[in-house]
Amino acid sequence: MTAGVVLAGGCSSRMGAVKASLEWHGSTFLRHVTDVVGRAVGGPVIVVRAPGQALPALGSQVIVCDDAEQGRGPLHGLATGLAVAEREGASLAFACATDLPLLHSAFVDAVLRGFTAAAAGDDCATPDAAIPRIRGFRQPLAAGYRTSLTPHLFALLEAGRSRLSDLLDSVDVHLLDEATLLADARLFAADPDLVSVFNVNTPEQYRAACARRLPEVVVEKSILVGTELVASERRCVRASTLGAAAEQSGVELDGQIVVAVNGSCFPAEAQSPLQSGDVVMLLTASRPVSA
């Protein structure tokens, strides 16, 4: 089983505001990122926060845990999250920070499948970490890790080695370069520029991210009478959330709506994130009008 780990406890000093709660097209950074990661992993998404940190509303698949030692940096938060993921039964986890609003689930999936590709190589061994290297830089906070690394991480911290580079230099790392990542057809179609790793640290970067075009999705609106579809409408819209797509399609998200995205059941919640290439079905049930 795979899980997600999202680090939400950073001080956000350059932003001047808590990044986890920043507004993102009708949602928040943290809700958006956790839901995107959740679409790609089979297990839970663990949010690691600072002790007592207030968080925005999150989806039901999210487990919140406190980083017991605030101020020790992302390596301690990563160790905390991986420990919870392992207790939940996950052997692999995708770990990232909360400041990746352009993250696509296809990127998460491609990174996690990097473990399988590495194990299929000459030595047939599963690496400890699958780390993207994009534009010449390793991306340890948009990467995959074996959850069994937890004791090693805490040992590094105990020895005073608290940088993410200390971890990468001490374990078996499988690097995923741009060509390797973009060989994945779904990722190439969804994120050819690999903006999934664009992290937002300053107000200027936040404004630039918000100004990007919203994802283009297809919305199919159907009415079910008994067991028969009697009406259907299909249109393309630009929307970052299910709520925005439903509103543009003239549909109210209520208890009568069944939602599917790309053929799978999907939470009928306004803040549920949509991504480029999604096909959204909004299904309402109706009874025939009697004569």
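The legends below describe close-up views of a predicted model.

Local features are reported at pLDDT of at least 70 and side-chain atom pairs only at pLDDT 80 or more, while totals for chains, interfaces and linings use all residues. Residues are numbered from 1 along each chain as its sequence is written, and side-chain values use heavy atoms, with hydrogens and water left out.

**View 1**
The largest nonpolar core has 33 residues. A nonpolar core here is a set of buried Ala, Val, Leu, Ile, Met, Phe, Trp, Tyr and Cys residues joined through side-chain atoms within 4.5 Å. Buried stands for under 20% relative accessible area, exposed for over 50%, and partly exposed for values in between, with a 1.4 Å probe and protein chains only. Val37, Phe94, Cys96, Leu103, Phe107, Val108 and Leu181 have the most contacts inside this core. Two or more residues each come from α1 (29–38), β4 (45–49), β6 (92–97), α3 (105–119), β7 (129–134) and α7 (185–190). Helices (H or I, at least four residues) and strands (E, at least two) are DSSP runs, numbered from the N terminus. Helix α3 gives the largest share of the core, seven residues. A second, separate core has 27 residues, among them Leu7, Ile46, Leu78 and Leu167.

**View 2. Surroundings of phenylalanine 94.**
Contact means heavy atoms within 4.5 Å. With neighbours within four places in sequence left aside, the contacts of phenylalanine 94 include Ala3, Gly4 and Val5. Val37, Leu103, Phe107, Val108, Val111 and Leu112 also touch phenylalanine 94, as do Ala142, Ala143 and Gly144.

**View 3. Helix α1 and serine 105 of α3.**
In α1, nine of the 10 residues are buried: Phe29, Leu30, Arg31, His32, Val33, Thr34, Asp35, Val36 and Val37. Serine 105 belongs to helix α3 and is buried, at 2% relative accessible area. Beyond its neighbours within four places in sequence, serine 105 is in contact with Val36, Arg39, Ala40, Arg186 and Gln275.

**View 4. Packing of helix α2 against helix α4.**
The axes of α2 (residues 74–87) and α4 (residues 150–158) come within 9 Å and cross at roughly 155°. This makes α2 roughly antiparallel to α4, a term for angles over 145 degrees, with under 35 roughly parallel, 65 to 115 roughly perpendicular and the rest oblique. Axes are lines fitted to C-alpha atoms, for helices over the stretch in contact, and angles run from 0 to 180 degrees between N-to-C directions. The crossing of α2 and α4 is left-handed, meaning that the near helix is turned anticlockwise from the far one by less than a right angle. From α2, the residues Leu75, His76, Leu78, Ala79, Thr80, Leu82, Ala83 and Glu86 meet Thr150, Leu153, Phe154, Leu156 and Leu157 of α4. The residues of this contact divide into nine nonpolar, three polar and one charged. Ala, Val, Leu, Ile, Met, Phe, Trp, Tyr, Cys and Pro count as nonpolar, Asp, Glu, Lys and Arg as charged, and the others, Gly among them, as polar. Histidine 76 of α2 is buried at 3% relative accessibility. Not counting residues up to four places away in sequence, histidine 76 touches Asp67, Ala68, Glu69, Phe154 and Leu157.

**View 5. Two loop residues with positive phi.**
Histidine 25 sits in the loop between β2 (23–24) and β3 (27–28), and its phi is near 50°, a positive value in a residue other than glycine. Histidine 25 is partly exposed, with a relative accessible area of 24%. Arginine 135, in the loop between β7 and β8 (137–138), likewise has phi near 50°. The relative accessible area of arginine 135 is 49%, which is partly exposed.

**View 6. Leucine 141 beside cysteine 96.**
Leucine 141 lies in the loop between β8 and β9 (142–146) and is partly exposed at 23% relative accessible area. Leucine 141 and cysteine 96 are 45 residues apart in sequence, and their C-alpha atoms are separated by 4.3 Å. Apart from neighbours within four places in sequence, leucine 141 is in contact with Leu7, Pro74, Ala95, Cys96, Ala97, Leu100 and Leu164.
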